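Me: I'm new to reading protein models. Could you walk me through one?

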Amino acid sequence: MDDDYKYEEYSIDYSTYEDYLDAQITAQDRFYLEEDELARQLVEIGCRKGEVLSREEFAARREAAEQAKRAKLQNAPKVLASAGKDLAPFPFLRHLAAREEMVRNGKMSTIIFIRDKNQKGQEISGYIDYGHRLKIENFEPYFHRQKRLLPRPTDLSFFNWDTHHSAQNSSPNFQIIPDYEQGLLFKNTRDRKVINVDPKAEPGDNSKRVDAHE
């Protein structure tokens with residue numbers, strides 16, 4: 001605990017080594033020396049009682065402090081977007097909520113297929129990388145039912161049945177594999193398993209398909 005505090009002190013209070021040296025300079029030093037640069041040099045070479053860090057030691061402690069801060073942020077518990085929401089009457093959102101924590105933690109990968117109408121009344125469909133969307137978007141409005149989850153041209157796949165506009169994009173979790181015989185396939189970038197999204201075919205090893213309707 002004490003060591004963490006010392007590391008954070010150098011990281012937060014002193015953004016540069018010069019700032020650290022300036023903190024060791026007294027009003028008396030400035031009165032007699034008149035120049036801060038000369039006073040810094042005297043502090044750096046050890047003309048001061050107590051421990052004075054070298055430039056290399058300061059940089060090492062600052063880096064350690066930054067690493068400690070990053071570790072704390074990574075280990076901090078994350079509040080789930082679905083937490084505290086009554087989703088019993090909404091099967092689709094209930095399935096998303098049941099998977100949210102595992103998907104966020106990288107323990108599960110999920111592809112969502114949606115066919116619905118957009119705000120213009122046009123029929124659209126597409127496949128969504130749930131994990132990628134969770135990282136780039138706030139899902140609370142969806143779980144609050146303030147917004148509808150719809151596919152976008154930036155998702156794994158998108159098709160507008162009225163305009164015939166289509167798009168396909170690989171994501172951090174899935175690679176698109178077009179197959180003339182089997183249709184659209186997705187390869188998981190972690191376990192390299194191939195997923196067949198054709199509802200008439202088996203989804204593939206280590207995968208299962210769940211139908212959920214609102």
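Me: Which residues have the most contacts inside the largest nonpolar core?

Reply: First, this is a predicted model, where local features need pLDDT of at least 70, side-chain atom pairs count only at pLDDT 80 or more, and totals for chains, interfaces and linings use all residues. Residues are numbered from 1 along each chain as its sequence is written, and side-chain values use heavy atoms, leaving out hydrogens and water. In soluble globular proteins, nonpolar side chains tend to be buried together. A nonpolar core is a set of buried Ala, Val, Leu, Ile, Met, Phe, Trp, Tyr and Cys residues joined through side-chain atoms within 4.5 Å; buried means under 20% relative accessible area (1.4 Å probe, protein chains only). Here the largest has 16 residues, and L96, I112, Y130, F139, F143 and L149 have the most contacts inside it.

Me: Which element gives the most to this core?

Reply: Helices (H or I, at least four residues) and strands (E, at least two) are DSSP runs, numbered from the N terminus. α6 gives the most, with 4 residues.

Me: What does S82 contact, beyond its neighbours within four places in sequence?

Reply: Contact means heavy atoms within 4.5 Å. S82 contacts A97, E100 and F143. S82 sits in the loop between α5 (55-75) and α6 (91-104), and its relative accessible area is 10%, so it counts as buried.

Me: How many bridges join β5 to β6?

Reply: Two strands pair if DSSP finds at least two bridges between them. β5 (residues 174-179) and β6 (residues 183-188) run antiparallel, joined by 6 bridges, and a hairpin of 3 residues links them. P178 stands opposite L184 in β6.

Conventions:
Buried means under 20% relative accessible area, exposed over 50%, partly exposed in between (1.4 Å probe, protein chains only).
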